[in-house]
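Here is a short briefing on side-chain contacts. Please keep the sequence and the model at hand while reading.

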Amino acid sequence: MITTMPETMKAIQIHKFGGPEVLQLDDVPRPEPGPRQVLVRIHAAGVNPVDWKIREGHLGRIPLPLIMGNDFSGEIEALGPDVTEFRVGESVFGSVAEMSGSYAEYALAQVSQIIEKPQGLEHIEAAAVPVASLTAWQALFDEAKLRLGQKVLIHAAAGGVGSFAVQFAKWKAAYVIG
C-alpha cells in the first residue's frame, strides 16, 4: 500500500503580535526538508515562557505569519539530502529548524538539533526537554562556569529549567540550594 503525505497541514500561527487571542489554527503548506534536515510528524510540542514573549512581540522583528513552538517529539516522515544518521519512522525529539514551528502537524528539524527518543520516554515527556534543559545547561556551564564541587543556588528549582539545573549541578557534584 502506497501512502502519500498531504501537501498541507494544520498549524497554530500568529499573523500579528498580541495575547492568546492572536493564535490561529490555519491550513498551511507542509514543509519539505532541505539538506541535513528531517521532516517530523509531531506527536507532542513543548510550551515555554519564550513562546508568549514571541507571541507578544517582545523579541524584536520576527517575520509573520509565524508557526509557534520550538520543542517537539515525533516520528521522522522524510529525510532531506545528505541525511544518513536517521531513518524514516524513527522516533526523535529536539528543536525545530529556523522558520519552522512545533505547534503543527509537521515540522522541520536540523539533524544536529535532534536525537533518538528513548523507548522509556513518552512523546509528551520528551517534548518538554529541549529548551528547558538547554537553558539550564547554558546558565550553569556557559555563563556561571560551574565547576566540580561548587555551591549553587537555584531559584525555582522545582520548575522546568530549575529541575534540570538541579540535576546538572548534582552531576557536577555541586552543593545545591534550591
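The points below cover salt bridges, aromatic rings and a surface patch.

This is a predicted model, in which local features need pLDDT of at least 70, side-chain atom pairs count only at pLDDT 80 or more, and totals for chains, interfaces and linings use all residues. Residues are numbered from 1 along each chain as its sequence is written, and side-chain values use heavy atoms, with hydrogens and water left out.

**Salt bridges**

- The count comes to 7 salt bridges (a side-chain nitrogen of Lys or Arg within 4 Å of a carboxyl oxygen of Asp or Glu).
- R36 and E85 form a salt bridge, at 2.4 Å from N to O. R36 lies in the loop between strand 2 (24-29) and strand 3 (37-45), and E85 in the loop between strand 5 (71-79) and strand 6 (91-95), so the pair ties together parts that are 49 residues apart in sequence. Helices (H or I, at least four residues) and strands (E, at least two) are DSSP runs, numbered from the N terminus.
- E32 and R30 meet in a salt bridge at 3.0 Å, N to O. E32 is exposed at 55% relative accessibility, while R30 is buried at 12%. Buried means under 20% relative accessible area, exposed over 50%, and partly exposed in between (1.4 Å probe, protein chains only).
- E56 and R55 form a salt bridge, with their closest N and O atoms 3.4 Å apart. E56 is partly exposed at 33%; R55 is buried at 12%.
- A network of salt bridges links R41, E75 and E77.

**Aromatic rings**

- There are 5 aromatic pairs (ring centres of Phe, Tyr or Trp, the last by its six-membered ring, within 6.5 Å; planes under 30 degrees apart are stacked, over 60 edge-to-face, the rest tilted).
- The rings of W137 and F141 have centres 4.4 Å apart and planes at 55°, so this pair is tilted. Both residues lie in helix 3, 4 residues apart, about one turn of the helix.
- F141 is buried, at 12% relative accessible area. The rings of F141 and W171 have centres 6.1 Å apart and planes at 85°, so they are edge-to-face. F141 lies in helix 3 and W171 in helix 4 (residues 160-171), so the pair ties together parts 30 residues apart in sequence.
- Ring pairs link W137, F141, F164, F168 and W171 into a cluster.

**Surface patch**

- L134, W137 and W171 form a nonpolar surface patch with about 350 Å² of accessible area together (Shrake-Rupley method, 1.4 Å probe, with only the protein chains shown as cover for residues). Patch residues have over 30% relative accessible area and no salt bridge; like charges are joined within 9 Å, nonpolar side chains (Val, Leu, Ile, Met, Phe, Trp, Tyr) within 5 Å.
- L134 is partly exposed at 46%, and W171 is exposed at 56%.
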